[in-house]
Amino acid sequence: MKRHPVEIQIEIADKAIVAEDFDALMGIYTDDAVLVIEPGRNAIGKNEIRKAFEAIAVYFKNGLQVEQNGLEILESGDTALVLANTVVSGPGFPATERKATYVFNKSASGIWLCSIDNSYGHEIIGKNA
């Protein structure tokens with residue numbers, strides 16, 4: 001079965017995060033993307049997102065591991081909602097599965113780019129008050 005282009009973009013992002021290849025990682029985001037750093041705290045735009053991932057790498061002692069343990073892509077026109085079981089771990093950080101939500105938009109050139117990256121999913125509700 002043919003893989004959805006969004007699934008491939010997520011795989012590229014996961015590999016870039018693990019390799020700390022932030023140039024490659026920024027290639028999957030829209031210019032005005034939003035990254036949930038933690039509940040109640042977001043990074044907006046590629047510059048802030050890059051700085052956030054650099055800090056996240058240090059926080060995880062440069063050993064962050066990210067992988068998907070199942071995902072569902074719901075597509076309508078040029079928008080895709082991704083529901084994922086994202087597993088995050090690192091040195092001294094046991095594997096934790098998050099119920100992530102991501103939004104991707106298809107660019108004018110046909111490339112799917114992430115506009116909202118929320119690895120915490122519904123966990124953010126009520127935590128930013």
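Tutor: Contact here means heavy atoms within 4.5 Å. The model is predicted, so local features need pLDDT of at least 70 and side-chain atom pairs count only at pLDDT 80 or more, while totals for chains, interfaces and linings use all residues. Residues are numbered from 1 along each chain as its sequence is written, and side-chain values use heavy atoms, with hydrogens and water left out.

Start with leucine 25. Apart from neighbours within four places in sequence, leucine 25 is in contact with Ala13, Ala16, Ile17 and Phe53. Leu25 is also one of the residues with the most contacts inside the largest nonpolar core, together with Tyr29, Phe53 and Phe104. That core has 32 residues (buried Ala, Val, Leu, Ile, Met, Phe, Trp, Tyr and Cys, joined through side-chain atoms within 4.5 Å). Two or more core residues come from each of H1, helix H2 (22-26), S1, H3, S3, S4, S5 and S6; helices (H or I, at least four residues) and strands (E, at least two) are DSSP runs numbered from the N terminus.

On a 1 Å grid over the protein atoms alone, a cavity is a set of points where a 1.4 Å probe fits but cannot get out; a pocket is an open set with protein on both sides within 12 Å along at least five of seven lines, and lining residues have an atom within 4 Å of a point. Points are joined across faces, edges and corners, and volume is the space filled by probe spheres set on them.

The structure holds one cavity of 30 Å³ or more. The largest cavity has a volume of about 50 Å³, and its lining consists of Ile17, Glu20, Phe22, Phe53, Ile56, Ala57 and Leu64. H3 gives the largest share of this lining, three residues. By class, the cavity lining has six nonpolar residues, no polar ones and one charged residue (nonpolar: Ala, Val, Leu, Ile, Met, Phe, Trp, Tyr, Cys and Pro; charged: Asp, Glu, Lys and Arg; polar: the others, Gly among them). Glutamate 20, one of the lining residues, sits in the loop between H1 and H2. Glutamate 20 is not a glycine, yet its phi is positive, about 55°. Its relative accessibility is 27%, so glutamate 20 counts as partly exposed (under 20% is buried, over 50% exposed, partly exposed in between, with a 1.4 Å probe and protein chains only).

Asparagine 62 also has a positive phi, near 55°, and is a residue other than glycine. The loop between H3 and S3 holds asparagine 62, which is partly exposed with a relative accessible area of 48%.

Two or more lining residues are supplied by each of helix H1 (5-19), strand S1 (29-38), H3, strand S3 (65-76), strand S4 (79-90), strand S5 (93-106) and strand S6 (112-118). The pocket lining divides into 23 nonpolar, three polar and five charged residues.

Valine 36, in strand S1, is buried at 8% relative accessibility. Leaving aside neighbours within four places in sequence, valine 36 is in contact with Arg41, Asn42, Asp117, Asn118, Tyr120 and Ile124. Valine 36 and isoleucine 116 are 80 residues apart in sequence, with a C-alpha to C-alpha distance of 8.1 Å. Serine 115 belongs to strand S6 and is buried, with a relative accessible area of 11%. With neighbours within four places set aside in the same way, serine 115 is in contact with Thr30, Ala33, Val34, Val103, Phe104 and Asn105; Phe104 was named above among the core residues with the most contacts.

H3 also carries a charged pair. Glutamate 54 and arginine 50 both lie in H3 (residues 45-59), four residues apart, about one turn of the helix. The two form a salt bridge, with the closest N and O atoms 3.1 Å apart (a side-chain nitrogen of Lys or Arg within 4 Å of a carboxyl oxygen of Asp or Glu). Glutamate 54 is partly exposed at 33%, and arginine 50 is partly exposed at 26%. The structure holds eight salt bridges.
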